[in-house]
Amino acid sequence: MRRTLILALGLSFGAAGLASAAPAAAPASDPTIPQPGWTPPKNAIGQPDLSGYWSNATMTPLTRNLKLTKDATIPAAQAHQVEKVWAAAQEESVKPTDPNETTQAYQAKSSEAKLISIRPDFALAGGDVGGYNAFWLDPGNSILEVNGEFRTSILTTPDGQPPARKAGAAPAYGRYRDIYDNPENRSAGERCITSFGRNAPPPMLPNGFYNNDYYIIQTPQTVAIQVELVHDVRIVRLNAQHRTDGVRPSMGDSIGHYEGNTLVVETTNYPEADGFLGSWKNLKVTERFTRVSPTRINYQFQVEDPDTWDKPWGGEYDFTPMKGVIYEYACHEGNYALRHILAGARAKEQVAATPAKSSGER
């Protein structure tokens with residue numbers, strides 16, 4: 001199968017040039033901009049209506065690729081040209097390839113190999129043995145547009161990167177990736193118990209591969225957010241207080257309230273498994289959901305942890321309508337393989353502990 005190198009295209013600004021021109025004015029009908037005279041709808045119980053099926057899939061990465069551009073936005077014409085290149089590249093990527101060809105051989109002869117340097121995170125989906133090909137992936141086919149601007153990153157920090165970490169802060173990545181002591185060390189996403197990206201725990205982020213869909217249900221006491229990957233349901237308790245019993249529920253403890261047409265959600269009490277960039281004990285994420293047009297919900301998030309960063313920071317994107325409804329997502333790879341994953345680790349340890357025989361021994 002063709003490896004999914006084409007997905008490394010990401011924001012291939014080079015395909016359309018790295019012009020730094022200011023974005024053109026958005027058309028009056030732009031759904032990302034609240035239109036004069038439009039009133040956000042209310043549901044039957046008088047709340048701002050956020051219900052329904054929504055998606056946050058986007059070509060735009062969480063962080064800006066500074067090798068391509070330092071600008072926070074690009075002109076609309078350039079964004080649309082990149083989207084056309086992306087669509088053509090995806091179509092090309094699903095064509096049959098030699099099933100006996102190795103990833104290395106394919107990369108060596110393919111012009112798509114250059115794309116890995118643009119979006120190396122997408123190579124994780126198909127750039128290695130056992131990876132998916134593009135047929136199975138649905139990462140989004142448009143560049144993120146917010147308030148009429150085409151963004152180069154979801155993060156809204158000045159450089160599109162997480163801020164510097166304080167001295168002594170926990171590492172941002174990889175703390176448990178290569179630990180195989182017991183089942184509890186392994187990711188719940190590995191066993192399809194929870195999402196393996198960050199679709200569900202706040203801040204809710206697109207994973208870049210697929211299933212970036214949500215179903216929002218509102219009641220007088222709660223807001224439930226069903227996440228397609230992996231059939232998680234996050235419960236936001238309205239007009240409530242954070243729990244004080246020391247329990248850290250999955251996805252954290254989310255409480256919310258309405259401020260005008262905006263649902264404001266504050267989440268604390270994260271379990272370590274749902275921490276964000278190494279932060280969890282004192283992590284607080286504040287989210288704001290605002291209906292800005294009939295077809296857009298603006299989503300903003302702010303991240304705080306005084307032990308990890310000097311000041312709050314965050315990001316923003318728009319939810320767009322999902323086509324269809326959410327069905328159950330089910331997978332079983334890690335469940336069946338967990339025993340073998342741990343057994344392989346024990347075998348590797350045994351080999352390492354066995355003294356090597358000298359060349360004269362038989």
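View 1. Of the 362 residues in the protein chain, 45% are buried, where buried stands for under 20% relative accessible area, exposed for over 50% and partly exposed for what lies in between, with a 1.4 Å probe and protein chains only. The model is predicted, and local features need pLDDT of at least 70, side-chain atom pairs count only at pLDDT 80 or more, and totals for chains, interfaces and linings use all residues. Residues are numbered from 1 along each chain as its sequence is written, and side-chain values use heavy atoms, with hydrogens and water left out. Among contacts (heavy atoms within 4.5 Å) between residues at least 6 apart in sequence, 67% join residues at least 24 apart. The protein chain holds 4 helices and 12 strands, taken as DSSP runs (H or I, at least four residues, for helices; E, at least two, for strands) and numbered from the N terminus.

**View 2. The barrel and its strand pair S7 and S8.** A barrel is closed by 9 strands in the order S1-S5-S6-S7-S8-S9-S10-S11-S12, with mixed pairing; two strands pair if DSSP finds at least two bridges between them. On average, and with direction ignored, neighbouring strands of this sheet are turned by 30° against each other, the axes being lines fitted to C-alpha atoms and the angles running from 0 to 180 degrees between N-to-C directions. Strands S7 (residues 232–238) and S8 (residues 253–259) run parallel and are joined by 3 bridges, and Arg 237 stands opposite Ile 255 in S8.

**View 3. The disulfide of Cys 192 and Cys 331.** The count of disulfides, each a pair of cysteine sulfur atoms within 2.5 Å, comes to 1, and this disulfide joins Cys 192 to Cys 331 with an S to S distance of 1.8 Å. The link is left-handed, with -115° about the S-S bond. Cys 192 lies in the loop between strand S4 (149–151) and strand S5 (213–218), and Cys 331 in the loop between strand S12 (313–321) and helix H4 (333–353), so the pair ties together parts that are 139 residues apart in sequence. Cys 192 is buried, at a relative accessible area of 9%, and Cys 331 is buried as well, at 13%.

View 4. Apart from its neighbours within four places in sequence, Glu 145 is in contact with Asp 30, Thr 32, Phe 150 and Asp 318.
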